[in-house]
Amino acid sequence: SKKTMILGIETSCDETAAAVVENGTVIRSNAVSSQIDIHRRFGGVVPEVASRHHVDQITVICEEALNQSGITWEDLDAIAVTQGPGLIGALLVGVNGAKALAYVHGLPLVPVHHITGHIYANRFVHELEFPLIALVVSGGHTELVSMKEHGSYEVIGTTRDDAAGEAFDKVARTLGLPYPGGPEIDRMAQGGRPSIDFPRAWLEEGSLDFSFSGLKSAVINYVHNEQQRGHELNSTDIAASFQESVSEVLVKKTMYAAKQMRARQILVAGGVSANSKVRSEMEKAARAQGIPLVIPPLSLCTDNAAMIAASGTIGFLKGARADLSLNGKASLAI
Ligand code: KG4
Ligand code: ZN
């Protein structure tokens with residue numbers, strides 16, 4: 001039977017990425033140009049700077065993805081592109097690049113929601129088993145998604161304020177660590193003890209929603225108080241305590257949802273799923289409940305285009321198509 005070959009394109013934030021994926025499960029190529037070093041200078045992603053670098057990189061990254069895949073444009077079935085959510089100027093570069101390539105090569109265009117991409121990064125590790133619960137935690141998102149079959153998504157919990165990754169980045173900045181803060185906190189926490197009792201926002205009984213702004217403020221206040229008293233900052237303990245608070249809430253709410261839905265699988269995805277504490281605690285909890293857990297390798301946790309091609313494969317097979325009027329959307333429902 002014929003293989004389904006999809007070129008994925010992702011430019012929603014600060015990675016310009018293109019990848020070719022076979023049958024939604026095999027990565028034939030995965031090209032990423034990261035802008036982290038450029039944005040670090042500014043302490044965060046500057047949207048206008050991001051757009052310019054996407055424009056710079058998009059053509060060469062798409063060519064690289066095609067060249068490394070070992071296939072030709074004629075072998076492709078479709079082009080899948082992140083439509084949103086994300087930085088609008090950044091998204092438009094990918095969307096317009098995809099439209100141009102689809103037009104030139106006479107290929108169908110498939111719009112992809114960024115979050116569904118993160119979820120499908122797990123399909124490179126293990127076939128999805130339904131019903132499943134997916135936790136998507138990144139710089140822009142904290143979402144619990146329930147799936148009963150391929151391509152069907154129900155958001156059952158979301159953050160009411162900051163995303164988990166945003167909290168990592170802001171706490172890191174308070175501790176004087178560079179952007180992106182998540183990996184820095186992770187590293188710093190290795191040497192610390194979770195000795196400080198920072199708050200956990202459980203919200204109402206049974207709620208699957210999240211809130212991280214109270215925790216973020218608690219850490220910032222703690223740091224300011226310590227500095228005012230002239231104490232030397234115990235940064236490793238602060239990092240470990242903050243990380244424990246985040247991971248405890250993420251793990252407990254995910255497990256609660258999984259039990260309620262009688263999930264056959266738990267997926268974790270997005271940049272924060274690279275966090276060593278989140279990974280190890282999630283593994284412990286899932287093992288205790290006897291529910292199989294899938295987390296992508298680090299390189300597929302953060303933004304990439306293989307995940308967009310994987311989700312786009314499902315969209316393609318289900319008949320999702322966009323025409324050349326496709327527009328990027330800064331905010332977009334799943
Ligand atoms: O998925 P991603 O690359 O981009 C978005 O869609 O937002 O996620 C980036 C986020 C950043 O906030 C970054 O600090 C966080 O993921 N992150 C981590 C770790 N690695 C990346 N957070 C905690 N621990 C990590 N090891
Ligand atoms: Zn992302």
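I began with the sheet whose five strands run in the order β8-β7-β6-β9-β10; it is open and its pairing is mixed. I noted its edge strands as β8 (154-158) and β10 (293-294), each pairing on one side only. For the record, the model is predicted: local features need pLDDT of at least 70, side-chain atom pairs count only at pLDDT 80 or more, and totals for chains, interfaces and linings use all residues. Residues are numbered from 1 along each chain as its sequence is written, while chains are lettered from A and ligands numbered from 1 in the order in which they are written.

My element names follow DSSP runs numbered from the N terminus: helices are H or I of at least four residues, strands are E of at least two. Strands count as paired if DSSP finds at least two bridges between them.

I then looked at β9 (residues 265-269), which pairs with β10 in the parallel sense over two bridges. I266 stands opposite L293 in β10. I found α8 packed on this sheet, touching β6 (132-137), β7 (142-147), β8 and β9. The direction of α8 makes about 155° with that of β6. Angles run from 0 to 180 degrees between N-to-C directions, and axes are lines fitted to C-alpha atoms, for helices over the stretch in contact. Contact here requires C-beta atoms, placed from the backbone, within 7 Å.

Next I checked the helix partners of α8. Helix α8 (residues 235-260) packs with α9 (residues 276-289) at about 30°, the axes 9 Å apart. The two are therefore roughly parallel (under 35 degrees; over 145 is roughly antiparallel, 65 to 115 roughly perpendicular, the rest oblique). I listed the contact residues as Q243, E244, S247, L250, V251, M255 and K259 of α8, and K277, V278, E281, M282, A285 and Q289 of α9. By class these are six nonpolar, three polar and four charged. Nonpolar means Ala, Val, Leu, Ile, Met, Phe, Trp, Tyr, Cys and Pro; charged means Asp, Glu, Lys and Arg; the others, Gly among them, are polar.

With α6 I got another geometry: the axes of α6 and α8 come within 7 Å and cross at roughly 115°. Helices α6 and α8 are therefore roughly perpendicular to each other. I185, M188 and A189 in α6 meet S235, T236, A239, A240, F242 and Q243 in α8.

I turned to ligand 1. Of the 19 residues around it, G139, G165, G182, G271 and N275 come nearest; a residue counts as near if its C-beta atom, placed from the backbone, lies within 6 Å. The elements giving two or more residues to this shell are α5 (164-174) and α6 (181-190). Helix α6 gives the most, with four residues. The shell has six nonpolar, ten polar and three charged residues.

Last, I traced the sheet in the order β3-β2-β1-β4-β5, also five strands, open and mixed. β3 (26-34) and β5 (109-113) each have a single partner strand, so one side of each is left without a neighbour in the sheet. The twist averages 20° from one strand to the next. I saw β4 (residues 78-84) pair with β5 in the parallel sense over five bridges, and V110 in β5 is the bridge partner of A80. Helix α3 (residues 88-105) lies across β1 (5-10), β4 and β5, at about 160° to β4. Helix α11 (residues 306-317) lies across β1, β2 (15-22), β3, β4 and β5, at about 125° to β1.

Technical notes. Contact = placed C-beta atoms within 7 Å.
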